[in-house]
Amino acid sequence: MVNYVFNPGSEDFEIFLKNKIFVDKTELIYHLNNVINSPDRFICVSRPRRFGKTTNANMLSAYYSFLRKKKNRIKIFNDKEIAKFNEWDKYLGKLNVIKLTMTDFFTKNTVEDGLKEIMQKIVTEVKNNKPEIEFKNENDIVSIFEEIRNLTDKKIVLIIDEWDIIVREKRNEEVKEYLKFINKATKDKNYIALAYITGILPIKKYGIQSSLSFDEYTMISSSWMTKFIGFTQKEVKSLCKKLQVENDKLNKSHTRKYKKRKLNEEYNNKEEIINCKESLQPEELTHKNILTCNKINSNNKLNNIQKQKMQKKRRNNKKSINEIENEVNFKNMKKWYNGYKLYDEIKKKIYRVYTPFSIVKSIKMKEISNHWNRTETFYALSEYIEMDLFGLKEDIIRLRNGKKIKIDIESYQNDMSSFKKKDDVLTMLIHLGYLGYDIKTKEVFIPNKEVMKEFITITDSENWNIIVKKLERSKKLLKATWNQDFKKVAELIEEFHDETSNMDNNNESALKYTILLGYYVSDKYYNSFLELDSGKGFIDIAYIPYNIYSKYPALIIELKYEKNVETAMDQIKKRNYPPKLKEYKGNMLLVGINYIKEISSNSEEFKHYTCTIEEFKK
C-alpha cells in the first residue's frame, strides 16, 4: 500500500537518488534535528522555482517517516553528509510524517473543499495503516493530529510543499481562511515535533489570528539555511570537475581509437607498396618504378596528413563564439547561472548561489543555454513589469543595462497583488528569482545571463524603446543642471511634462511629478528628499550626494506655480539650510522652476516652464 500524505516514506527520494547528477544536501537534516521539539521547530523556506524545494521535502519525508524496519532507510543515508555527524540517525524513521503538496488539493478546489480533502486524505491513509484507530472528529485538523499523536505515541513532522499556492493565484478572499487553517494546525501545538513549509513567497501577514508564527528563510534573509538554497559555488565546481574527469576518459578513449586507426592506415600503406613492387614486371625498370611507387605513396601519405590537419583547422575555425560560450564548463556556468548573493548572518559569509535546475539540465544536455521554465513566474515577469507604477519601467531598463538599484523591501506585502510602489514589484521579483539582492548595499540586480535573456525578450519592443529614450533625456537634464544651462533645463522639463497625463497637467502635484520623472537617474549620485524641513518652511526637492566629498553639487529645487523663477530663487535664499545640507554649502546649486498655466493650449508656449540656476555662495 502506497501512502502519499501519512508516512509516505522514501520512494520519491530514492527515485531522485538514481540521478547521475547529485548534490548532497542531507546536512540540512542535522540542523533540523537540532530544533525538533524546540520553540524554533516552525520553519518556512521560500525560494524560486527550480531551486530544489520539492527534493528537500522528499528527503525529509524519507528520513523522518516512521518505519518498523529501518535497515533500508539506513542504507539511503549512511553514505551521505548527514552520517558524518554524531547521532545522525537519532530521529531516522521514528516520527509520523504528514506531507502535503498543496497544489494537489487547491489547483481545482476552493479553499473550503481543499481543506476538507486534506483532512479526508489524512484520515483515510491513517486508517489504512492502522485500522484500529477511530477518530472522534474527522472534520477538525487539530483533533485529527492530536489523536494521531496519542494513539501512535509519536509526534508529527508536518511538511508542506507549495504552501503559497492560494497567495500566488491571487485568491485574496480565500487567503485568510487558508492561513487560519495552517495556523490552527500548528501554533503552540505540542503534537508538532517539526513543521517545515516551503514555497516561493514569504508568509503573507494578516491579523494576529491568521498570522503564521514561523521562522522565515528567504532569498533576502536566509541565515544558516543559505547553503541549502540552490547550489553553492563549491558544489558547482565539484560537478564540473567530475564532468571534466568523465570527458577526459572519453577523450582518451577517442585518442586510443584514433591511434589504432592510424596504425591500420600505415599497415595498409605498406601493403600498397608491396603490391606496387610486385606489379612491376621488367627487371630493368624495377629500381626506377620502385622509387616512383614509393614517392607516390609518400606523397599520398603526406597529402592525407595535410588534409587531416586542414580539416581539423577548419573544424576549429568553424567553432563559433556562440559554441565556445555554450560549452559546459565552470566558466560558462558561472556566467549563465550564478549571481544570487545570499548572506549567512551566523557565519558572516556570503554564498554565491547557482540555479540547480539549470546546472543539472546543462550537464545532462551537454549544452549551456537558457533553461528557465516558462511557468507562471515567467508570465508574472511580463505582467508585473508592465504595471503603471512610477519609475518601474525606467528601473527595469536600467537593470537590463547592468545597473544596480537601491530599493526599499519593507513595504512589500508578500503577495502578488498588493503593490503600492515600484519597490514592491522589484521585491517580489527577488523572491521569484528574477532579481538578485545584496543585503549589504540594499541593491537589486539581474543575477546572470540566463535571467537577463528573459528581460531582454520581454523588453524588446518599441514601447520599451521609449523608456530608454526617457532615461537618456534624464541624463541630459542632470548634466544641463550641473552646467547651469537653465534654458536647456526648462526645455527638457517641458518635454517630460508633455508625456504626463493631460488630465493632471495643470496642478502642483503634476509639477512635482514631472520634476521627479525628469531627474529620475539622479539616484545614481544622490539621495532625494521631498518637503525637507529647512526651519523656515520646506524645501520642495533636495538632491543630496551620497558622499559629502562628491564632485557633484547638492541640488536645492524650489517649484513655483503661476509665479516666476525670481520668486522661487528668493524663497530658497530666505530659508535656513537643515543639518543635512550644511556640509554642502560650498558645493550647492539653487534651482528655481516656474510653471505658467494660463497660456492658451494653441500657443507654442503651452505648458511653458522657466528656470534659473545659481551657485550657492557662503
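Colleague: Before we start, what counts as buried, exposed or partly exposed here?
Modeller: Buried means under 20% relative accessible area, exposed over 50%, and partly exposed in between, with a 1.4 Å probe and protein chains only. The model is predicted: local features need pLDDT of at least 70, side-chain atom pairs count only at pLDDT 80 or more, and totals for chains, interfaces and linings use all residues. Residues are numbered from 1 along each chain as its sequence is written, and side-chain values use heavy atoms, with hydrogens and water left out.

Colleague: Fine. Is K348 buried or exposed?
Modeller: K348 is exposed, at a relative accessible area of 61%. K348 is in the loop between β7 and β8, and its phi is positive, about 55°, although K348 is not a glycine.

Colleague: And K442, where is that?
Modeller: In the loop between β10 (436-438) and β11 (443-445); strands here are DSSP runs of E, at least two residues, and helices are runs of H or I, at least four, numbered from the N terminus. K442 is partly exposed at 42% relative accessibility, and its phi is also a positive value, near 65°.

Colleague: Back to β7 and β8. How do they pair?
Modeller: In the antiparallel sense, over 5 bridges; two strands pair if DSSP finds at least two bridges between them. Y340 stands opposite V353 in β8.

Colleague: What packs on that sheet?
Modeller: Helix α13 (residues 330-337), which touches β7 and β8. Its direction makes about 95° with that of β8; axes are lines fitted to C-alpha atoms, for helices over the stretch in contact, and angles run from 0 to 180 degrees between N-to-C directions.

Colleague: What is the strand order?
Modeller: The order is β6-β8-β7, in an open sheet of 3 strands with antiparallel pairing. β6 (231-232) and β7 (340-344) are at the edges with a single partner strand each, so one side of each has no neighbour in the sheet.

Colleague: Which residues of α13 meet α18?
Modeller: K335, W336 and Y337 in α13 meet K449, E450 and K453 in α18, contact being heavy atoms within 4.5 Å.

Colleague: Different topic. Which residues have the most contacts inside the largest nonpolar core?
Modeller: Y64, F77, I122 and F145, in a core of 145 residues. A nonpolar core is a set of buried Ala, Val, Leu, Ile, Met, Phe, Trp, Tyr and Cys residues joined through side-chain atoms within 4.5 Å.

Colleague: What else is there?
Modeller: A second, separate core of 16 residues, including I21, F231, M333 and Y337.
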